[in-house]
Amino acid sequence: MAGKIVIIFDFDRTLIEDDSDRWVFTRMDLTQLFRDLRPTLPWNSLMDRLLEEMHVLGKSIDDIADCLRGMPLHPSVVSVVKQAHALGCDLKVASDSNQFYIRTILEHYGIYSCFSEIITNPAVVDKGRLRIFPYHGSAAPHGCDLCPSNLCKGRVIEQIQVSLSESESKRLIYIGDGGNDFCPTLKLAAGDFVLPKKDFPLLSRISKNSNLVKAKVCEWNSSEDLAKILGKLIECMSNEDKISSSTTQL
């Protein structure tokens with residue numbers, strides 16, 4: 001019955017312990033350049049510019065990958081991801097990071113194959129350097145005031161909902177922490193769940209706009225806390241589906 005559950009993870013400070021973009025540029029000694037350029041560029045373009053500077057400084061793609069492999073990902077989160085996948089849950093990532101960062105980290109921890117889809121900014125190698133492009137390009141703006149121009153996670157949730165067959169009656173669990181996780185939260189239905197991180201922007205926005213949120217809210221504080229809550233939630237939702245299925249058969 002866990003096969004009726006779709007779990008969408010934010011990546012930075014949710015699935016992993018830190019922010020992947022900041023993790024890289026601080027360890028490549030580009031914090032000052034980041035501060036200088038931050039007022040002039042949107043985040044996605046800024047990250048691409050910092051990657052260009054890394055290339056100029058002689059940092060290879062392998063150097064960036066080695067840096068990413070040092071990113072902490074709590075063992076309890078690795079365990080619950082593997083458990084959820086084994087039970088048949090459909091796991092996805094929706095993130096404002098990028099394909100290269102996410103794949104490198106998840107492969108390092110042996111859980112990349114647990115995810116059916118990684119929805120994020122595309123990354124390509126161009127003339128020996130890594131380049132980042134927006135998920136929603138300028139040719140097809142998403143028009144959402146709640147999200148950055150490069151990625152509307154609310155639209156991502158809508159696409160996932162459309163892709164599900166009405167006969168499947170799947171329920172969604174969305175897990176996040178940032179302000180850009182509020183839009184997808186608003187797209188969740190009454191039978192869904194949102195898991196916001198305590199003391200982070202998503203929970204604050206939910207608290208101020210609780211009348212707009214249909215999904216049930218379960219707060220979490222740490223990676224260990226998240227793993228416990230998610231594990232129990234999967235178990236409870238699976239049991240509810242079993243009861244519902246048995247009742248229907250009667």
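Helices (H or I, at least four residues) and strands (E, at least two) are DSSP runs, and they are numbered from the N terminus. Keep that in mind as we walk through this structure.

What you are looking at is a predicted model, in which local features need pLDDT of at least 70 and side-chain atom pairs count only at pLDDT 80 or more, while totals for chains, interfaces and linings use all residues. Residues are numbered from 1 along each chain as its sequence is written, and side-chain values use heavy atoms, with hydrogens and water left out.

**The sheet**

Let's start with the strands. Two of them pair if DSSP finds at least two bridges between them. Here 6 strands make an open sheet with parallel pairing, in the order β3-β2-β1-β6-β7-β8. At the edges sit β3 (115-121) and β8 (216-217), each pairing on one side only.

Inside that order, β1 (residues 5-9) and β6 (residues 171-176) run parallel, joined over 5 bridges.

Contact means heavy atoms within 4.5 Å. For the angles, axes are lines fitted to C-alpha atoms (for helices, over the stretch in contact), and values run from 0 to 180 degrees between N-to-C directions. Helix α7 (residues 99-108) touches β2 (90-98) and β3, and its direction makes about 130 degrees with that of β2. Helix α10 touches β6, β7 and β8, at about 125 degrees to the direction of β7.

**Two aspartates in loops**

Which loop holds Asp-29? Asp-29 is in the one between α2 (20-27) and α3 (31-37). Asp-199 lies in the loop between β7 (193-196) and α10 (201-208).

Buried means under 20% relative accessible area, exposed means over 50%, and partly exposed is in between (1.4 Å probe, protein chains only).

**The cysteines**

How many disulfides (pairs of cysteine sulfur atoms within 2.5 Å) does the structure hold? It holds 0. For Cys-114, the nearest cysteine sulfur belongs to Cys-89 and is 11 Å away. Cys-114 is also buried, at 8% relative accessibility.

Key:
A disulfide is a pair of cysteine sulfur atoms within 2.5 Å.
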